[in-house]
Amino acid sequence: MSEQTSGRDASFETAPQYADTRGGNTAVVCYALMIATLFTAFATGLIALIVAYVVREDDDHWTNSHYTFVIRTFWISILYAVILGFFTLMLGWVPLLGWAIVGLMGLYTTAWFIGRNVIGLLRAMNGRPIDDPQSWFFG
């Protein structure tokens with residue numbers, strides 16, 4: 001009975017608290033849109049890119065590292081897609097060896113994209129910034 005003396009139950013004290021009003025909800029939505037890109041041919045990724053550009057501010061808030069990370073993930077993945085397309089045109093006609101090279105490049109690109117977005121999503125959900133948002137790998 002003493003746990004509810006102030007009108008709250010005991011679980012209220014152990015619930016995660018955000019330090020300020022600029023929580024990472026928009027960053028989480030951006031990462032979710034980026035992951036959905038795998039199924040929408042960059043349509044939702046474009047929406048995430050626009051949102052990240054609009055919401056990012058010029059201060060040192062922890063969420064800005066996530067928006068920079070999302071923006072770089074989008075543009076680097078476009079670069080990887082162009083490189084993969086080039087190699088597909090050049091090597092895709094070569095049986096076995098060309099298919100293996102293009103397949104491994106596609107597998108790497110997909111794993112990189114998923115890993116980068118999942119790491120960013122988990123950090124945003126925990127309220128942690130990306131250590132190196134300018135990184136080409138996983139921050």
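Mentor: α4 and α5 are roughly antiparallel to each other (angle over 145 degrees). This is a predicted model: local features need pLDDT of at least 70, side-chain atom pairs need 80 or more, and totals for chains, interfaces and linings use all residues. Residues are numbered from 1 along each chain as its sequence is written, and side-chain values use heavy atoms, without hydrogens and water.

Trainee: At what angle do the axes of α4 and α5 cross?

Mentor: Two packed helices are described by the angle and the distance between their axes. Here α4 (residues 62–91) and α5 (residues 97–125) cross at roughly 175 degrees, and their axes come within 10 Å. Helices are DSSP runs of H or I, at least four residues, numbered from the N terminus. Axes are lines fitted to C-alpha atoms over the stretch in contact, and angles run from 0 to 180 degrees between N-to-C directions.

Trainee: Which residue follows α5, and with what phi?

Mentor: G127 follows α5, with a positive phi near 75 degrees.

Trainee: Which residues form the nonpolar patch on the surface?

Mentor: L79, I83, Y108, I119, W136, F137 and F138 form it. Y108 lies in α5. Patch residues have over 30% relative accessible area and no salt bridge, with nonpolar side chains joined within 5 Å.

Notes
Helices (H or I, at least four residues) and strands (E, at least two) are DSSP runs, numbered from the N terminus. Angles under 35 degrees count as roughly parallel, over 145 as roughly antiparallel, 65 to 115 as roughly perpendicular and the rest as oblique. Patches are made of residues with over 30% relative accessible area and no salt bridge: like charges are joined within 9 Å, nonpolar side chains (Val, Leu, Ile, Met, Phe, Trp, Tyr) within 5 Å. Accessible areas come from the Shrake-Rupley method with a 1.4 Å probe; for residues, only the protein chains shown count as cover. A salt bridge is a side-chain nitrogen of Lys or Arg within 4 Å of a carboxyl oxygen of Asp or Glu.
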